[in-house]
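Please read the points with the coordinates open.

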Amino acid sequence: MTGPLGGLARIARDLAAKVRPTGRRTRIVQELVAEARATDRRARFPRDLVAEARPTGRRARIARCVVVGSGVLAVALLVVALLLPDQPDSLGPAAFVRLPAEGILVAAVLLVLPPRARRAGAVAIGVLIGLVTLLKCLDIGFYTVLYRPFDPVLDWGLLGNTADYLRETSGRTGELFAIAGAVLLAVVVPALTAGATVRLAALLARHRARAVGAVLALSTAWVTCVVLGLQTGGASVASTLDADLLGDRAKQVRASLADARLFRRQAAHDAFARTPRDRLLTGLRGKDVLFTFVESYGRSAIEDPAMAPRIDAVLKAGNDTLEATGFRARSGWLRSPVTGGGSWLAHSTFLSGLWISNQQRFRTLTSSDRTTLTGAFRRTGAWRTVGVVPGVLVAWPEGRFFGLDHIYDGHHLDYHGPDFGWSQVPDQFTLQTFQRREFGRRGRGPLMAEIILTSSHYPWAPLPRTVDWAKLGDGSVFQRIRRAGKSESDVWQSPESVRAEYRTSIEYSLNSLVGWLRRYGNQNTVLVFLGDHQPVPTVTGNSPRRDVPVTVVAHDPKVLDRISGWGWTEGLKPAANAPVWPMDSFRDRFLKAFGPQPG
């Protein structure tokens, strides 16, 4: 390039060369530039992130739906937890159309808590709601089977019995699945209610003004419902369910804690503890005495219109059969300490003369030296005492307490047939094994036996049927009957079906017992048979009565003469107005009736 423009270019290149940084100056300039660029990026980053993350259009609607939906679910979950009834009969839509006072109180507390304490308070309240919900679930289960609420002091041992029942009816896998489900439920429910309460606390804090107005409005509505006595489904719209539950449970805990001291005082008195053995049971010397419990044989079987006609026919036919062979009977009622389950508590009450209504009392009893009916026979030295307990499949150290010389449990009855639900051995086979192993032995002395018949045990599916006694063999004959039986799922589709199968099971047990006595009984046989408790509420229709029939059958008229003053009904069926005694009174009455008589 020449001319004036070329000169200007040379001047520009020279000037640039003079001002271009080199060496240390270059590094300083580069660092300053890099720092400036980084500062610019940091300044732009939050704005860029917010701009990119800010929901627009469809994303904004989805975000709002998630926020609103989570809040609605949290409130709904807490309302359901607070209004969940503790009894199965109260479950239904009407139970959840109420105003829970506890929910209104929780919202008010969360509003007044300072911000720092609000979250911790919400977690604590939520966990408490979850624990109360689990308690109500336990109550529902206990009311369904035992017709009473769960006792948080005394009933934990029954959970182990529940696991045993599941193992025996559903196998080890079913038991493990049930335990895993229960543990998972115990963790998940408090976690969910705690999370829901935290979410509710956040909503109340964000919309404080409207929340205060809503709480005041709900409080006014709750008071109005109380004043007007408004109800839904037979219950007050203004609910205090959980508060009432906790109040009742606090009283129950105090009573349960005091029960141990009360029972020790009662057990300290034993009218027959020092009775000389030659003065015990003198009126039964030389007799074979059999105490037989028929599982779940309760008053409902005899008096419920849906079951009474067929049970009455079985008892009348049995009575006629026994009278034809020289036997006579007297029947009355006993009030059991339990209903729906807990057979061993009823057995212990009957045999010990003490009211054994919970596991704590049972443990205290079996670790004592209390005189039991069975133990009294052994104490005399005049009887061999045996126990036939087909439902026992594990070690049973309590057998020694009850004074039994020998025990035939479910593993020692020589049975090679199928189980029938919970019942491991059909009653007919149980009695036949007792006949073969003990009662029918030649040259034996007097015998006292406690026999448990289990074929009428819940869930009454499938059921055995009576077969020819001569064809019982090793029990394999029941395989065909088991395959033809109904499944538990079929039976439990309706209460009517359950009652029908329960009735059939009682018929089978009574026919087996009467058939055995007719076939093998003799002039020295004395049979005392009774129910242990009423069946589950599905069968009884939630009847509060705990009465069970009790019958004494004997060939020797002198035996029944001893109890002529009891006021019992002649025959196998107790009259509706026959005396009803507490079950714990039987021991003393029996030992007194068959002890030395005055004069």
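The points below concern a predicted model and take up its surface, a pocket, its salt bridges and its backbone.

1. Nonpolar surface patch. Leu77, Leu176, Ile179, Val183, Leu184, Val187, Val188 and Leu192 together make a nonpolar surface patch of about 670 Å². Helix α6, which covers residues 156-206, contributes the largest share of this patch, with 7 residues. Leu192 belongs to helix α6; its relative accessible area is 47%, so Leu192 is classed as partly exposed, between the limits of 20% and 50%.

2. Second largest pocket. The volume of the second largest pocket is about 600 Å³. Its lining consists of 26 residues, and those nearest the centre are Val75, Ala107, Leu200, Leu204 and Leu218. At least two lining residues come from each of α3 (58-83), β1 (99-100), α4 (101-112), α6 and α7 (208-228). The most, 8 residues, are given by α3.

3. Salt bridge of Arg148 and Asp155. Side chains of opposite charge can pair when their charged atoms come close. In the whole structure, 22 salt bridges are found. One of them joins Arg148 to Asp155, with 2.7 Å between the closest N and O atoms. Are the two partners buried or partly exposed? Arg148 is partly exposed, at 21% relative accessibility, whereas Asp155 is buried, at 2%.

4. Glu303 and Arg299 form a salt bridge with an N to O distance of 3.0 Å. Both residues lie in helix α9 (residues 299-303), where a spacing of 4 residues corresponds to about one turn of the helix. Arg299 is buried, with a relative accessible area of 3%, while Glu303 is partly exposed, with 34%.

5. A pair between two helices. Which parts of the chain does the salt bridge between Glu507 and Arg310 connect? The two side chains meet at 2.9 Å, N to O. Glu507 is in helix α18 (residues 495-520) and Arg310 is in helix α10 (residues 308-324), so this pair ties together parts that are 197 residues apart in sequence. Glu507 is buried, at 12% relative accessible area, and Arg310 is partly exposed, at 40%.

6. Cis peptide bonds. Most residues other than glycine have a negative phi, and most peptide bonds are trans. Against that background, the bond between Tyr458 and Pro459 is cis, with omega about 15 degrees. The bond from Ala461 to Pro462 is also cis, with omega near -15 degrees. Pro459 is placed in the loop between β9 (447-453) and α16 (478-484), and Pro462 lies in the loop between β9 and α16 as well.

7. Positive phi values. Tyr147, a residue other than glycine, has a positive phi near 55 degrees. Its place is in the loop between α5 (115-146) and α6, and Tyr147 is partly exposed, at 29% relative accessibility. Ser296, likewise not a glycine, has a positive phi of about 60 degrees. Ser296 is located in the loop between β5 (288-294) and α9. With a relative accessible area of 2%, which is under the 20% limit, Ser296 counts as buried.

Terms used: Residues are numbered from 1 along each chain as its sequence is written. This is a predicted model: local features need pLDDT of at least 70, side-chain atom pairs count only at pLDDT 80 or more; totals for chains, interfaces and linings use all residues. Side-chain values use heavy atoms; hydrogens and water are left out. Patches are made of residues with over 30% relative accessible area and no salt bridge: like charges are joined within 9 Å, nonpolar side chains (Val, Leu, Ile, Met, Phe, Trp, Tyr) within 5 Å. Accessible areas come from the Shrake-Rupley method with a 1.4 Å probe; for residues, only the protein chains shown count as cover. A salt bridge is a side-chain nitrogen of Lys or Arg within 4 Å of a carboxyl oxygen of Asp or Glu. Buried means under 20% relative accessible area, exposed over 50%, partly exposed in between (1.4 Å probe, protein chains only). On a 1 Å grid over the protein atoms alone, a cavity is a set of points where a 1.4 Å probe fits but cannot get out, and a pocket is an open set with protein on both sides within 12 Å along at least five of seven lines; lining residues have an atom within 4 Å of a point. Grid points are joined across faces, edges and corners, and a volume is the space filled by probe spheres set on the points.
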